[in-house]
Amino acid sequence: MKFGVMVPSGHTGMTAESIRDFAVEAERIGLESVWHSDSLLRPTAQPVDFGNGLSITTPEQSAWQYAPLETLSYLAAATSRIRLGTAVLAALFQNPASLARRLATVDQFSGGRLIAGLGQAWVPQEFEAAGLSPKRRGAGFAEHIDAMRAAWGPDPVRFEGRFYRIPESQIGPKPVRPGGPEVLIGAASPAGLERAGAHGLGLLPVMFGWDALGGQLATYRAAATAAGHGDRPVVLLVNGVVGEQPVDGAPPLTGSVEQVAEELQRAAELGVEHVVWNMLGVEPEAQLAALRSGLGVWSTA
């Protein structure tokens, strides 16, 4: 099992130097990866109305955080081993040729350490600010990824789709690995899970509970098998805290280091090979201290 942590770039008082120090220390203590989220804006009208009776208060940290790819390029120069991921990058807000080139640049600068976690975005006001219709989600998102994969392939690149077109061109740089970096899709709906599996992409689900996770993975893998794809990586994002003290009724994979250790085998049995924690509101030093303790326990569990 591999372990990672979200860079707390939206935490109060974080600077370029403290973000760099966080990633360097994460690498030093033996974490596999550091990740950066993506947020175009935080609406002042909270909670955000998503329609159909659903309203959610978005995290305060999303109001002020560094841009993910620029931050990961910076961290690539400060580290040498740790992998660098996006969880998740709102792919639709950039055209595929441009985003493919930017991702390839980070991959080159990091020596092939990039993990491209991609999503469709979800906040209505972000689509409004980007001048993009939410109707581009779904089939448009799948085509966006196909166009990026074309751009990562050999020159000359050419792509003809319903939503995107790349005229015959030379597009570089190319990623370190032929075919592009590891791509994971942040998806939860049946359609999104099926789309990720059918395209032979990895999965970046959020932990909402064991039953939900098991159902999501079953849907995803059934679609992958039907399309003739083998096993692809599953990286599980846990929005919660790991600490020193036990927590009664703690959500899955949160609470004390020992509580997490008891549940990691269950995650492994579901085919999860990499767990990433997003500890909103926790001091960066405390996050790394807890994970340092965890690595000493989980490696022998």
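Helix 3 (residues 96–109) and helix 5 (residues 139–152) pack with their axes 8 Å apart, at an angle of about 55°. Helix 3 is therefore oblique to helix 5; angles under 35 degrees count as roughly parallel, over 145 as roughly antiparallel, 65 to 115 as roughly perpendicular and the rest as oblique. The model is predicted, so local features need pLDDT of at least 70 and side-chain atom pairs count only at pLDDT 80 or more, while totals for chains, interfaces and linings use all residues. Residues are numbered from 1 along each chain as its sequence is written, and side-chain values use heavy atoms, with hydrogens and water left out.

**Two helix pairs**

Helices are DSSP runs of H or I with at least four residues, strands are runs of E with at least two, and both are numbered from the N terminus. Axes are lines fitted to C-alpha atoms, for helices over the stretch in contact, and angles run from 0 to 180 degrees between N-to-C directions.

| Helix pair | Angle | Axes |
|---|---|---|
| Helix 3 and helix 5 | about 55° | 8 Å apart |
| Helix 6 and helix 7 | roughly 40° | within 7 Å |

By class, it has 7 nonpolar, 3 polar and 1 charged residues.

**Nonpolar cores**

A nonpolar core is a set of buried Ala, Val, Leu, Ile, Met, Phe, Trp, Tyr and Cys residues joined through side-chain atoms within 4.5 Å. The largest has 75 residues, and L31, L103, L118, I185, L253, W277 and W298 have the most contacts inside it. Helix 5 gives the most to this core, with 6 residues. Apart from neighbours within four places in sequence, L118 is in contact with residues including V88, F141, M148 and I185. A second, separate core of 9 residues includes L184, L204, V235 and V276.

**A buried threonine**

T58 lies in the loop between strand 4 (54–56) and helix 2 (68–78). With a relative accessible area of 5%, T58 is buried; buried means under 20%, exposed over 50% and partly exposed in between, using a 1.4 Å probe and protein chains only. Leaving aside neighbours within four places in sequence, T58 is in contact with R42, P43, Q46, V48, W122 and V123.

Notes. Contact = heavy atoms within 4.5 Å. Nonpolar A, V, L, I, M, F, W, Y, C, P; charged D, E, K, R; others polar.
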